[in-house]
Each structure stands twice: as structure tokens, then as C-alpha cells.
Amino acid sequence: MTVVNKSGKNKEAAYQVLLGLVSENVQTMLSKAGRLSVQNDPGIRNVYGADNDLFKGKNLQAILK
């Protein structure tokens with residue numbers, strides 16, 4: 001979990017970083033690497049584990065249900 005500290009000096013910059021982390025491009029990249037996305041986007045979820053050899057030949061749809 002990541003939050004912006006309300007007493008921080010650079011709250012706007014921290015907020016921009018959070019927006020980047022939850023962007024579609026970053027979430028797709030993380031999903032391909034084998035990390036479940038925080039977004040409920042089927043396009044992102046369907047590429048889960050695509051770049052990770054550990055998941056080759058596995059039934060990944062069971063994880064995403």
C-alpha cells in the first residue's frame with residue numbers, strides 16, 4: 001500500500017508518482033511480470049504472467065476469477 005503523507009513537503013509530486021504507478025502502462029508491465037494488478041481491467045489481467053517463464057503452461061485464469 002502506498003499513500004501520500006499529509007505532512008510531506010512534496011505532496012503534489014508524491015501524488016503524481018502514485019498516478020504513474022496505477023497507470024495502465026505500468027499495471028500492464030507489472031501484470032506481465034507476474035504481479036496482480038490493482039485495476040479491474042480485463043486487458044491488464046489477461047496478460048498476467050506473460051513475461052514470466054514460471055507461469056508458462058499454467059492455468060492462470062483460475063487466479064483471476
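Where is the place of threonine 28? Threonine 28 sits in helix 2, residues 24-33. Helices here are DSSP runs of H or I, at least four residues, numbered from the N terminus.

A word on the source. This is a predicted model, where local features need pLDDT of at least 70 and side-chain atom pairs count only at pLDDT 80 or more, while totals for chains, interfaces and linings use all residues. Residues are numbered from 1 along each chain as its sequence is written, and side-chain values use heavy atoms, with hydrogens and water left out.

Back to threonine 28. A polar atom of its side chain lies 2.7 Å from the backbone oxygen of glutamate 24. Leaving aside neighbours within four places in sequence, threonine 28 is in contact (heavy atoms within 4.5 Å) with Ile44 and Val47.

Next, the rings. The structure holds 1 aromatic pair. Tyrosine 48 and phenylalanine 55 have ring centres 5.3 Å apart and planes at 45°, so the pair is tilted. For the cut-offs: centres must lie within 6.5 Å, and planes under 30 degrees apart are stacked, over 60 edge-to-face, the rest tilted. Both tyrosine 48 and phenylalanine 55 are buried. Buried means under 20% relative accessible area, exposed over 50%, partly exposed in between, with a 1.4 Å probe and protein chains only.

Now asparagine 59. Which loop holds asparagine 59? The one between helix 3 (42-45) and helix 4 (61-64). Asparagine 59 has a relative accessible area of 59%, so it is exposed. Its side chain reaches the backbone nitrogen of glutamine 61 at 3.4 Å.

Last, valine 4. Valine 4 is in the segment before helix 1 (11-21). Its relative accessibility is 31%, so valine 4 counts as partly exposed.

Terms used:
Helix = DSSP H or I, 4+ residues; strand = E, 2+ residues; numbered from the N terminus. Polar contact = N/O pair within 3.5 Å; in protein donor to acceptor, adjacent residues only side chain to side chain. Phe/Tyr/Trp six-rings, centres within 6.5 Å; stacked < 30°, edge-to-face > 60°.
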